[in-house]
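Here is a short briefing on one structure.

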Amino acid sequence: MTTVDSVLEPAVDVLWQRLQGQLADIAQRYPDAALASSLAAEDMVLTHAIYEGGFPLEIFTLDTGRLHTETLGMQDAVRERYGRSLTVYRPDAAAVDAHVNAHGAYAFYESVELRKACCQIRKVDPLKRALAGRGAWITGQRRAQAATRGELPEAEHDPVFGLYKYNPLAAWSEEDVWHVIRALGIHYNPLHDQGYPSIGCEPCTRAVRPGEDVRAGRWWWESSDSKECGLHAGNRVISVVAATEKSTSV
Ligand code: SF4
């Protein structure tokens, strides 16, 4: 395992060492656990931790067919850096054809329902296949990323996909993530340097302006409380439960 004590600030080094322990614990409890990587900054931190740490955890990514060229290029960057290939899951071609033929290639701009239908075909259904038979999955979600993630736990039972879910970076700040990336020389998607703090599909992501929420560029034409694609639908379940508990406790 790489010794990084000398290059990380003490507070971040504590987070980094804790992450190693979390990954070791996940690998021991769930040898079939896998990181779902969007190839964004947080997922590259986790990828580095898993591959450099020698943890026997699989890493997969979802190629929706609508990703930026820069995001697709990150698959090659990972292979060149770590000598490992990510497992790639793609949408069912017939389902994509049927949706596009019925609604058009840009139907996601027309309504939340059509947007979610596209996300279901291109993201959620492939994710279901990727998670089938596993005991747990790992994500790079952080609480500070969005209103829907404010109460994100580090570990939870995923009620949507029916397995355990780990969010080991839940408490990390954006600064923590970028300190680790820069200090350890981790590759990252060049779109992050072009105003994209959060990166999804090309037609559904725009650059954000200084001061805007980090996920303001995702489905920017929708209200902020609907900005999940279904991969983390449980986030809203948790928020609703928490809101209910708060409203009934007074
Ligand atoms: S983010 Fe946009 S293009 Fe990608 S799956 Fe969702 S609606 Fe479709």
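Gln28 lies in helix α1, which spans residues 10-29. The model is a predicted one. Start with this residue, then follow the helix contacts and the ligand shell.

**Gln28**

- Gln28 has 11 C-beta neighbours inside 10 Å, so Gln28 counts as exposed. The cut-off for exposed is 12 or fewer.
- Gln28 and Phe55 are 27 residues apart in sequence. In space, their C-alpha atoms are 9.6 Å apart.

**α1 with α2**

- The axes of α1 and α2 come within 11 Å and cross at roughly 70°. That angle makes α1 roughly perpendicular to α2, because 65 to 115 degrees counts as roughly perpendicular.
- The crossing of α1 and α2 is right-handed.
- Helix α1 contributes Leu19, Gln20 and Leu23 to the contact, and α2 contributes Ala49, Ile50 and Gly53.
- By class, this contact of α1 with α2 has four nonpolar and two polar residues, with no charged residues.

**α2 with α6**

- Helix α2 covers residues 41-53 and helix α6 covers residues 174-184. Their axes come within 10 Å and cross at roughly 50°.
- That makes α2 oblique to α6.
- The crossing of α2 and α6 is left-handed.
- On the α2 side, the contact is made by Ala41, Glu42, Met44, Val45 and His48. On the α6 side, the contact is made by Val177, Trp178, Val180, Ile181 and Leu184.
- The residues of the contact of α2 with α6 divide into eight nonpolar, one polar and one charged.

**α4 with α5**

- Helix α4 runs over residues 93-103, and helix α5 over residues 112-131. Their axes come within 9 Å and cross at roughly 160°.
- Angles over 145 degrees count as roughly antiparallel, and α4 and α5 are therefore roughly antiparallel to each other.
- The crossing of α4 and α5 is left-handed.
- From α4, the contact takes Ala95, Val96, His99 and His103. From α5, the contact takes Leu114, Ala117, Cys118, Ile121 and Arg122.
- This contact of α4 with α5 divides into six nonpolar residues, two polar and one charged.

**Ligand shell**

- The ligand is surrounded by 13 residues.
- The closest are Cys118, Cys119, Arg122, Cys201 and Cys204.
- By class, the shell around the ligand has seven nonpolar, two polar and four charged residues.
- Cys118 and Arg122 are among the closest residues to the ligand, and both also take part in the contact of α4 with α5.

Methods. Residues numbered from 1 in each chain as written. Predicted model: local features only at pLDDT ≥ 70, side-chain atom pairs only at ≥ 80, totals over all residues. Axes fitted to C-alpha atoms, helices over the stretch in contact; angles between N-to-C directions. Helix = DSSP H or I, 4+ residues; strand = E, 2+ residues; numbered from the N terminus. Parallel < 35°, antiparallel > 145°, perpendicular 65-115°, else oblique. Left-handed = near helix turned anticlockwise from the far one by under 90°. Contact = placed C-beta atoms within 7 Å. Nonpolar A, V, L, I, M, F, W, Y, C, P; charged D, E, K, R; others polar. Near = placed C-beta within 6 Å. Buried ≥ 20, exposed ≤ 12 C-beta atoms within 10 Å, placed from the backbone.
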